[in-house]
4 protein chains.
Amino acid sequence: MRLMFLGDVVGRAGREAVVDALPRLRADLDLDFVVVNGENSAGGFGITEKIATEILDAGADVISGGNHSWDQREALVFIEREQRLLRPANYPSGTPGRGAGLFEARGGRRVLLVNVLGRVFMDALDDPFATVERELAAAPLGDVADAVIVDMHAEATSEKMAMGHFCDGRASLVVGTHSHIPTADAQLLPGGTAYQTDAGMCGDYDSVIGMQKDEPLNRFTTKISSGRFQPADGDATVCGVFVETDDATGLATRVEPIRLGGRLKQTMPGLMAAE
Amino acid sequence: MRLMFLGDVVGRAGREAVVDALPRLRADLDLDFVVVNGENSAGGFGITEKIATEILDAGADVISGGNHSWDQREALVFIEREQRLLRPANYPSGTPGRGAGLFEARGGRRVLLVNVLGRVFMDALDDPFATVERELAAAPLGDVADAVIVDMHAEATSEKMAMGHFCDGRASLVVGTHSHIPTADAQLLPGGTAYQTDAGMCGDYDSVIGMQKDEPLNRFTTKISSGRFQPADGDATVCGVFVETDDATGLATRVEPIRLGGRLKQTMPGLMAAE
Amino acid sequence: MRLMFLGDVVGRAGREAVVDALPRLRADLDLDFVVVNGENSAGGFGITEKIATEILDAGADVISGGNHSWDQREALVFIEREQRLLRPANYPSGTPGRGAGLFEARGGRRVLLVNVLGRVFMDALDDPFATVERELAAAPLGDVADAVIVDMHAEATSEKMAMGHFCDGRASLVVGTHSHIPTADAQLLPGGTAYQTDAGMCGDYDSVIGMQKDEPLNRFTTKISSGRFQPADGDATVCGVFVETDDATGLATRVEPIRLGGRLKQTMPGLMAAE
Amino acid sequence: MRLMFLGDVVGRAGREAVVDALPRLRADLDLDFVVVNGENSAGGFGITEKIATEILDAGADVISGGNHSWDQREALVFIEREQRLLRPANYPSGTPGRGAGLFEARGGRRVLLVNVLGRVFMDALDDPFATVERELAAAPLGDVADAVIVDMHAEATSEKMAMGHFCDGRASLVVGTHSHIPTADAQLLPGGTAYQTDAGMCGDYDSVIGMQKDEPLNRFTTKISSGRFQPADGDATVCGVFVETDDATGLATRVEPIRLGGRLKQTMPGLMAAE
Ligand SMILES: [Fe+2]
Ligand SMILES: [Fe+2]
Ligand SMILES: [Fe+2]
Ligand SMILES: [Fe+2]
Ligand SMILES: [Fe+2]
Ligand SMILES: [Fe+2]
Ligand SMILES: [Fe+2]
Ligand SMILES: [Fe+2]
């Protein structure tokens, strides 16, 4: 299978770039399944039903979330009817929506997506490792699931890398989100899991992690807030990861970063010979 | 000028890779000035005089540090006689050593290097922005300094990116360290400063940020320590950033990531046409 | 019933004061059940079997723990045979020992003790609120348990106070530990639960939370470690809380702080008319 | 001299209790100088000019602040004309207002008040120890200042206690604020400085640190915000510390907690024989 995962969509700039690119990427990369992290798609904070629908219509199979999943309170409601929107699985029991799901990819194949929140330097939820363990056991790769994707929404590189190894041999892809900066460490782990510490945001990189520079800079230097954060609205870079899996095992045979448009160095699997 | 910055050297694997690669990189890339972050070069924790000398002898002009600068207590002593070793500039006044220095590059040109520690999610030192402001004012780019490099040793991508913009137009390069994962966001900021959120470590990437996987995984899953962290000893990737500056202004005209050896996708300026 | 809870015992000074005071306190206050938090009883870090036995022999019915429970690794072993030693209940499943237990008090009455770790500003375990909910449901006050004590080992006053209200009407006493400073807010909450934000340590208060002052001061001012923390060895104050419950409901009818010996203002229920 | 310090005033309940009690306390305790921490006096968040005036008119000589000093943005303006309002001294240079001041007490005596923010578990400002050192040197106790009061606004008990010892022999009183819970550790440190880890809030203690219980509890259990925090409006307890100093040295000869009104156990120097 050919899977693509796009990182945190930030604001209008990120959203328009993703919606514009998705149909083309699906076609060009001959994709079987696409995940987009949408936790910052509504003005930088959360996601609305309208925006979720827009991203799904453009070609995402599922949208994952993070610590900003509920910034737009309507998400607490529409997540109950929109099965293709996930929130982190380690929220307390009783939280609206789901944190993992078995989804149908092209050709009827089944993809397990698990969305989980890290705990280092973050407001803590329940154990992400135990949570992922439970979800992997419920739909084992190569058995119930034809592919398994884990979106590890976390701050610390150590916790993300540990999650990669924790799932190695049991997931097709473990990819981090939340830092809003793509990492350059795409690799196949020894057990056959594709891994990248952070997918990077889909947003304007002439910014502070997707937000206009002035207010973040002001806060860092004066330690006093003087207004709200606003998403930067320059040309966005669509950032993510592309993975090919072995149909027999569900493990990865290839992992490539994607960076399309905007200010960052461009890279696209199969279009350029190597990153 | 042609500058190279290599990120946190981790343990023997990272050290040997760096010492082996440095002479070749200096020659192949025709480098004028080289900085290496050495805070994890001694068994993953700190730096010894022997190791500092080894790295300098291999071709580094200066070694910078971070929150692990003092893990080997001898560094508190030899930093007083080794002017080419820096520690973060925002340590309390009275701390041994220096946090910034004007160094001589090839051809007698002067490079200001400032090493500073972030405060988000870290044990806090004094204001890194005010500290950098002071150092930039003392040796302005294009006036006193022919090039200015800021090593922003920090956890949060937001604080690092803010430092990039804070220095934009006043530094040749702002590069992050500490996360031990290279980012794929090398860019020229609007004012002419080269920027990359993290240089990445020089170490074995089949690990948890350079350490053997078992104990980090054990701690994340059991929350109980069962031993010390040990540096991973597989093939290391030498990670860093390459920058070309305009001789008239000291600003950057080109920035390229470097990833050499080990498991990560390889990239080298001038050898591959584009990343 | 008459219950007493003593806070974190720190080092030899705290241990000796507690072992010395316990028999007298049991007699003078006519106590039915005594809990002691022992997470710092062994040189300030963890607990050994010998020390646990000493505290139990002196008159504690149970010893609770915290984030330092495992600093002495032998605790991982002897906690399996010493049922009267608890560790926080929200450690991952599979952790040695237990986090809650139904213990026999004087006269055959049953006391549920739950030991739980907060998550704000701490290395995070699983949800302490969900954990306490589960334990309270398993042995409801006034039904299965004649008294319920919750040791909320936490940093933030907000999280501790929230736990108090969360348990109000369902526990006899919610008392905080970990800050090593007694709070002066003993009160009966509206639903009948006795509450004090922190029991305070049993240790020498001419110190930095029980440790000799020099090294903590050195670290705060220089940000460089220059040695290990050592417990302060001056006269200790035994700090804790005394509660009387209604035999019919198990709810509290009286709560009084205890501070005995050492430098702090002395207070003892029934000996002085009011605090 | 006879000094009184009252902790964080929270919302209307705290404000009314303080304004009501101040004239009486000044008279009954024959006070020479009174400080009130006002960072939460305006609806729980910040302080307005109207409220500051009200507290000063009621009998406070100075109002100190903390991390919430700027929650009401008008404070950035009126602090420039109201010399009797301080904010933490370790804000970046250029911050409106002052962090320390030499104030006139009854009889023309001079009191140095230093307001400083801790860095452990808080958004970090500059070194509070170096800041206090500088202020103490500028107006030494027993020389320039007849009394010195340090308001250490901090989260961690360790950092507060270290500040106490850091100032021991050089200040009349080091008192903590910010935790909103009074501690029961009032003591004279060996060098003659009065110390209490936290003054406690002036507010309603049937709350979560002064806020109505529902929303804090909701957030701790669901990890999802469902509204704003509102100050609790039940009977407030006025919490603080009373200190007597030696006129010759400025050091403390007596320190007593104050708790007046509301739910907490009452204590008042000279009115009750002992705490
Ligand atoms: Fe995000
Ligand atoms: Fe996030
Ligand atoms: Fe490092
Ligand atoms: Fe570091
Ligand atoms: Fe403790
Ligand atoms: Fe603790
Ligand atoms: Fe406050
Ligand atoms: Fe505060």
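**Exercise 1.** Determine whether His178(C) and Asn67(C) are buried or exposed or in between, and what the pair connects.

*Solution.* His178(C) has a relative accessible area of 14% and is buried, while Asn67(C), at 28%, is partly exposed; buried means under 20% relative accessible area, exposed over 50%, and partly exposed in between, with a 1.4 Å probe and protein chains only. This is a predicted model, in which local features need pLDDT of at least 70 and side-chain atom pairs count only at pLDDT 80 or more, whereas totals for chains, interfaces and linings use all residues. Residues are numbered from 1 along each chain as its sequence is written, chains are lettered from A and ligands numbered from 1 in the order in which they are written, and side-chain values use heavy atoms, with hydrogens and water left out.

Finally, Asn67(C) sits in the loop between strand 3 (62-64) and helix 3 (75-78) of chain C, and His178(C) in the loop between strand 7 (173-177) and strand 8 (187-188) of chain C, so the pair ties together parts 111 residues apart in sequence. Helices (H or I, at least four residues) and strands (E, at least two) are DSSP runs, numbered from the N terminus.

**Exercise 2.** Find the bridge partner of Leu188(D) in strand 9 of chain D.

*Solution.* The partner is Ala194(D).

Terms used
Two strands pair if DSSP finds at least two bridges between them.
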